[in-house]
Amino acid sequence: MDSSSRAPSSKAGSTNGAPTRKPSTRVRNVVDYDEKRAFKDLNDDDGDDAKSHPMNELEEHINDLSDSWETESLFQDAIEDLAEDRFFTDDPDACTPEEAIEFRKLLRAVGPKVFCERTIFAGLITAKKLLTAFGIRPPAFLEGADDSDYHSLLSLALSRELSKRAKLPAYNTVDDAVELLKRSKNIMVLTGAGISTSLGIPDFRSKGTGLYSKLEHLGLSDPQEVFDIRLFREDPTIFYSVAKDILPNHDRFSPTHAFIALLQEKGKLLTNYSQNIDNLEAKAGIRPDKLVQCHGSFATASCVKCGHKVPGESIFPDIKAGRIPRCRRCATQPGRTLPNGSNGRKRKVNRDGTEKKPRRRPGDYDSNSDSEFDAPSGSSSYANCGVMKPDITFFGESLPDEFGRRLTEHDRDRVDLLIVIGTSLKVAPVSEVVPFLPPHVPQIYISRTPVSHVNFDIDLLGDCDVVVAELCRRAGWALRHEMVPEGQVVETKPVEGWQSRHVFTQVWPEVGTQEEEEKEEEKETEKKEKEEEGKKETGEDEKKKSGDSDKENGVPEGKEKERGVEGQGKDSKAKARA
């Protein structure tokens with residue numbers, strides 16, 4: 001009996017009115033596999049001759065999974081460490097890739113009860129070894145234990161596997177992906193930080209280079225706490241100490257942004273759901289009616305106290321200078337506060353789908369207090385002003401209403417192709433978009449590394465810009481962008497053992513040479529920008545000095561301007577005489 005179809009038991013409820021803990025509805029970090037690969041024929045598919053066994057611990061866990069959440073919780077943390085995104089070819093006691101694929105196929109074909117009857121109960125394989133077929137390495141703490149002690153872990157592994165979307169076997173090759181692009185009319189594109197890294201904007205989770213890796217010096221229990229709204233309200237200095245590193249400092253956009261704009265130009269883009277906060281989709285020309293910025297952006301900023309909204313660029317100077325921007329309107333509207341909501345919150349999620357809880361920092365701070373943070377001296381009203389916060393969605397804040405409304409009321413019934421680019425899909429609720437779509441809709445994944453908790457139909461691995469450029473080239477589309485070199489040559493190779501996973505590599509021009517040229521161009525651009533800023537600052541300093549001199553000499557303000565005009569006139573006459 002499928003536990004998902006049964007009403008929850010009273011055992012899973014709460015006696016004190018607290019919310020009931022629900023089993024995870026997502027599968028995370030199990031071995032991704034290609035269902036289109038050749039399988040050996042399975043004998044006795046009807047299961048009529050399957051051996052009958054009395055109920056034991058494993059069957060109880062499968063049939064009563066929703067009732068026995070305490071046991072699931074007990075093994076959940078262990079599974080996070082044991083699940084690996086690969087077959088265990090290095091372990092002679094593990095299932096071979098071929099065996100693992102066959103077992104997975106059988107599980108989906110006959111269901112968990114018959115699956116267990118044909119495997120463990122029939123003596124075909126041990127529970128310990130069967131774990132490896134589903135990407136779970138047997139834990140060291142169970143070494144030497146009776147095989148029945150592995151049953152709880154196995155039941156969780158089966159549940160996780162069955163929760164995954166089944167791959168569509170019709171789509172496997174790069175040409176399949178190109179054909180889907182050409183024939184689809186309502187393409188949904190879900191993007192993450194990976195589409196901006198070629199511009200020098202760091203992503204969040206890459207080891208060593210990602211933003212979170214660079215935040216370890218802050219001493220937080222979890223680097224993601226930098227973007228936790230509760231901690232921001234307690235102490236915004238944590239966020240503003242790193243904000244300048246993610247601040248968009250130019251209007252450039254990547255070839256991947258240009259690719260999405262090209263889909264729009266061809267009338268194929270249904271919606272671009274972006275998790276990025278750099279607002280580069282808008283810079284690339286994606287229309288507001290085609291763009292949902294799921295996590296907000298730096299385009300605007302609002303006061304956390306009164307809600308006053310300003311253009312984001314107006315607080316950039318403070319951010320770049322390491323100062324906390326304050327709201328100037330608060331001084332004229334004392335006592336006005338902004339209500340806080342919590343529905344549809346952006347959440348950090350564990351790999352098991354449960355919500356991560358931020359570590360509370362010591363102290364009892366309030367971001368609206370006038371005594372916590374430095375304020376300009378001589379301005380008591382400014383010190384009372386609320387803190388300005390960029391309109392990016394922090395963990396714990398509600399996502400824009402447009403996100404849920406457009407997804408449920410507009411896109412779900414129209415989408416005919418999903419393309420996920422440059423995201424590891426680890427932040428809810430955006431990560432839930434993929435399983436929310438109808439299962440018959442083809443799904444393509446483009447990123448440097450594959451994800452393990454979603455069965456995409458085609459995985460195209462490599463630099464996002466390189467992948468989309470090659471797709472356009474094969475589709476006969478012109479993707480015009482300064483970062484796509486003329487005569488670019490891209491090599492594609494299938495990953496060994498996978499029909500639907502392909503690696504894209506730019507072979508000409510050589511990546512190192514191209515990157516050096518781009519860096520030199522960036523340096524030249526930065527140099528020119530600094531020179532222009534220097535000229536502006538010099539001009540402003542001269543004006544200020546001139547004004548200070550006038551004030552010292554007792555020249556009225558009105559006369560200042562007259563003298564300035566007079567001076568300009570004298571200069572021009574002198575030049576004319578020369």
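**A tour in questions**

Modeller: Happy to, and please keep in mind that this is a predicted model.

Biologist: Which residue stands opposite serine 302?

Modeller: Start from the pairing of β4 and β5, which is antiparallel and spans three bridges. The residue facing serine 302 lies in β5, and it is lysine 309.

Biologist: There is an open sheet of eight strands too; which strands stand at its edges, and why is one side of each left without a neighbour?

Modeller: That sheet has mixed pairing and the order β3-β2-β1-β8-β10-β11-β13-β12. Each edge strand has a single partner strand, so one of its sides has no neighbour in the sheet; the two are β3 (291-293) and β12 (489-494).

Biologist: Within that sheet, in which sense do β8 and β10 pair, parallel or antiparallel?

Modeller: Strand β8 covers residues 417-421 and strand β10 covers residues 443-447, with four bridges between them. One facing couple is isoleucine 419 and, in β10, isoleucine 444. The sense of the pairing is parallel.

Biologist: Where does UniProt place the feature "active site", and is that residue buried or exposed?

Modeller: The UniProt record, an unreviewed entry, puts this feature at His295. Histidine 295 is found in the loop between β3 and β4 (296-303). Its relative accessibility is 4%, and the cut-off for buried is under 20%, so histidine 295 counts as buried.

Biologist: Which backbone oxygen does the side chain of asparagine 276 reach?

Modeller: Asparagine 276 sits in the loop between β2 (269-274) and α11 (280-283), and at 5% relative accessibility it counts as buried. Leaving aside neighbours within four places in sequence, its contacts include Ala193, Ile195, Glu281 and Gly296. At 3.0 Å, its side chain reaches the backbone oxygen of glycine 192.

Biologist: Now the rings: how do phenylalanine 232 and phenylalanine 239 pair?

Modeller: The model has twelve aromatic pairs. In this one, the ring centres are 5.8 Å apart and the planes stand at 70°; planes over 60 degrees apart count as edge-to-face, so that is the name for this pair: edge-to-face.

Biologist: Are those two phenylalanines buried or exposed?

Modeller: Phenylalanine 232 has a relative accessible area of 1%, and phenylalanine 239 likewise has 1%. Ring pairs also link both of them with Phe227, Tyr240 and Phe394 into a cluster. As for burial, phenylalanine 232 is buried, and phenylalanine 239 is buried.

Biologist: How many residues apart are phenylalanine 298 and phenylalanine 316?

Modeller: Their ring centres are 6.3 Å apart with planes at 75°, so this pair is edge-to-face. Phenylalanine 298 is buried at 2% relative accessibility, and phenylalanine 316 is buried at 11%. The pair links distant parts of the chain, strand β4 and helix α12 (residues 316-320), and the separation is 18 residues.

Technical notes. Residues are numbered from 1 along each chain as its sequence is written. This is a predicted model: local features need pLDDT of at least 70, side-chain atom pairs count only at pLDDT 80 or more; totals for chains, interfaces and linings use all residues. Side-chain values use heavy atoms; hydrogens and water are left out. Two strands pair if DSSP finds at least two bridges between them. UniProt positions are given in the numbering used here, feature names are shortened, and annotations may be inferred rather than shown by experiment. Buried means under 20% relative accessible area, exposed over 50%, partly exposed in between (1.4 Å probe, protein chains only). A polar contact is a pair of N or O atoms within 3.5 Å; within protein, one must be able to donate a hydrogen and the other to accept it, and residues adjacent in sequence count only if both atoms are side-chain atoms. Contact means heavy atoms within 4.5 Å. Rings of Phe, Tyr and Trp (its six-membered ring) pair if their centres lie within 6.5 Å; planes under 30 degrees apart count as stacked, over 60 as edge-to-face and the rest as tilted.
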